[in-house]
Amino acid sequence: MSMIENSKSRKVEGQAIFLKDLVSKNRSYRRFYQDFVIGMDTLRELVNIARICGSAANLQPLKYILSCDDKKNKLIFGNLAWAGYLKDWDGPIEGERPSAYIVILGDTSICNSFENDCGIAAQTILLSSVEMGLGGCMIGSINREQLSRDLNIASSYKILLVVALGKPKEIIKLEEIDASGDIKYWRDKDGIHHVPKRSLGDIIID
């Protein structure tokens, strides 16, 4: 069953999913049930949804590398840095690592500016993954030179982002920034991940 068909069936059952719900559930998950299998068909479907999004000047310069097997996943994982604000955490341990990855590339033979397209595509992939009952994280802290070698990526492709995907194994709570103004995310003693967000009043300028 395709994701679109699955969405229709949930609506028929009275479980319509609204965009605000998807955005709220779409957090930067960094711990997963590693043994949960995400197949290549699912990854292709996620990229297919991103494919039909808007593109600056309709150039469509993004390309993708998909990974859902252990060997390739380990190569990608070894070139990523996780959660810069959590200084005492080196990333997910074995058993809590992503089940799959999508590496987003910019094709420099088409253009040299990818920021808008990349952001749209990555967010679309993550929102779609949440709709499927999954979750993920955009990772920009990448050892790009080594990952290019490990995956034999042609020099004409620029590594933009890695999207890690899996079945989330953590609770993430949003909260308003307190009087200190600190925007750093943190984990409490129970492992719950807290993410401060600026209030609506703080970001709307009259």
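Predicted model: local features only at pLDDT ≥ 70, side-chain atom pairs only at ≥ 80, totals over all residues.
User: Why is Cys68 called partly exposed?
Analyst: The relative accessibility of Cys68 is 25%. Buried means under 20% and exposed means over 50%, with partly exposed in between. Cys68 therefore counts as partly exposed.

User: What makes Cys118 buried?
Analyst: Its relative accessible area is 6%, and the cut-off for buried is under 20%. Cys118 is therefore classed as buried.

User: How do you know that strand E2 is mostly covered?
Analyst: Eight of the eight residues in E2, which spans residues 100-107, are buried. Both faces are covered: Ala100, Ile102, Ile104 and Gly106 lie on one side, with Tyr101, Val103, Leu105 and Asp107 on the other.

User: What makes E1 and E2 paired strands?
Analyst: Pairing requires at least two bridges between two strands. Six bridges join E1 (residues 62-67) to E2, and the two run antiparallel. Ser67 stands opposite Tyr101 in E2.

User: Which strand is joined to E2 by eight bridges?
Analyst: That strand is E4 (residues 157-166), which runs antiparallel to E2. Within E4, Ile159 is the bridge partner of Leu105.

User: Why are E5 and E6 said to stand at the edges of their sheet?
Analyst: The sheet is an open one of three strands in the order E5-E7-E6, with mixed pairing. Strands E5 (172-176) and E6 (186-187) each have a single partner strand, so one side of each is left without a neighbour in the sheet.

User: How do you know that E6 and E7 pair?
Analyst: The requirement is at least two bridges, and E6 and E7 (residues 193-197) are joined by two, in the antiparallel sense. Arg187 stands opposite His193 in E7.

User: What makes the nonpolar surface patch, and where is Ile204 found?
Analyst: Leu200, Ile203 and Ile204 make the patch, which covers about 320 Å². Patch residues have over 30% relative accessible area, and nonpolar side chains are joined within 5 Å. Ile204 is found in the segment after helix H7 (200-203).

Technical notes. Residues numbered from 1 in each chain as written. Heavy atoms only, no water. Buried < 20%, exposed > 50% of the residue type's maximum accessible area, 1.4 Å probe, protein only. Patch = residues over 30% accessible without salt bridge, like charges linked within 9 Å, V, L, I, M, F, W, Y side chains within 5 Å. Areas by Shrake-Rupley, 256 points an atom, 1.4 Å probe, with all protein chains shown as cover. Salt bridge = Lys/Arg side-chain N within 4 Å of Asp/Glu carboxyl O. Helix = DSSP H or I, 4+ residues; strand = E, 2+ residues; numbered from the N terminus.
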